[in-house]
Amino acid sequence: PPKDIPLYKRYMPQNWEAQAKPLGINGTIVVACSSWLEDHDWIFSLAEQYKSIVGLIGNLSGTGPVSATAIENGTAVPVWSDMARFRREVRRLSQNPLFRGIRVAGNLVRDDIINGRYPHFEILADEGLVAEVIVVPAADILSLSKAIPSLTIVVNHMFDIKKTDSPSAQWKSDIITLSEPE
């Protein structure tokens, strides 16, 4: 994040534990905003030391709001735009039981549809993983959920509503629609 916002600080598992454990919270799922492939492995190594890390939602290069490529040994490597590479990285990460799925942002849900199919999300569903969506329009989430009912979708940031916002009629309708069983 930019250096001038509160999120720009080093916050390690021991910092989280110092705040969470007194409240009776003993575990967390890390949501990786970094699209660097090495960062996923780094989180897994932290989880070996800090048992409070109970899962990881990854960011597979182009799936998150940070960038369209990952960095591998100093070289930009596309993952989202290369289906074979995407499948390979999902399978590699899935070898670790802490890997729970990936973060997907923006219009990638809509952009993924090919002939009525969502290939990236089918891979996630086949692996039993989660699609954690952020800043994805409700209509796209609904289409995805209907196309792949076996996919678990987590809506992050509640369609980007701010503390100061009053929910619009559309926002309320989207939330109600998403909560209704099929």
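A crossing of two helices is called left-handed if the near helix is turned anticlockwise from the far one by less than a right angle, and right-handed if clockwise. The model is predicted, with local features requiring pLDDT of at least 70 and side-chain atom pairs counted only at pLDDT 80 or more, while totals for chains, interfaces and linings use all residues. Residues are numbered from 1 along each chain as its sequence is written, and side-chain values use heavy atoms, with hydrogens and water left out.

Helices (H or I, at least four residues) and strands (E, at least two) are DSSP runs numbered from the N terminus. Helix α3 (residues 83-94) passes helix α5 in a right-handed crossing. The packing angle between α3 and α5 (residues 119-126) is about 20 degrees, and their axes lie 11 Å apart; axes are lines fitted to C-alpha atoms, for helices over the stretch in contact, and angles run from 0 to 180 degrees between N-to-C directions. The two helices are therefore roughly parallel, a class that covers angles under 35 degrees, whereas those over 145 are roughly antiparallel, 65 to 115 roughly perpendicular and the rest oblique. Contact (heavy atoms within 4.5 Å) involves M83, F86, R87 and V90 of α3 and P119, H120, I123 and L124 of α5. Six of these residues are nonpolar, one is polar and one is charged. Here Ala, Val, Leu, Ile, Met, Phe, Trp, Tyr, Cys and Pro count as nonpolar, Asp, Glu, Lys and Arg as charged, and the others, Gly among them, as polar.

Helices α2 and α3 pack at about 10 degrees, with their axes 12 Å apart, so α2 is roughly parallel to α3. L37, H40, D41 and F44 of α2 meet R85, E89, R92 and L93 of α3. This contact comprises three nonpolar, one polar and four charged residues.

An open sheet is formed by five strands in the order β1-β2-β5-β6-β7, with parallel pairing; two strands pair if DSSP finds at least two bridges between them. Strands β1 (28-31) and β7 (152-156) are at the edges, each pairing on one side only. Between β2 (residues 53-58) and β5 (residues 99-105) there are three bridges, and G58 has I102 of β5 as its bridge partner. Helix α2 (residues 37-49) packs on the sheet, where β1, β2 and β5 are touched, and its direction makes about 175 degrees with that of β2.

In helix α6 (residues 138-147), the buried residues (under 20% relative accessible area, with exposed over 50% and partly exposed in between, 1.4 Å probe, protein chains only) include A138, D140, I141, L142 and L144. The buried residues of α6 pack against α4 (108-112), α5, β6 (130-134), β7 and α7 (169-179).
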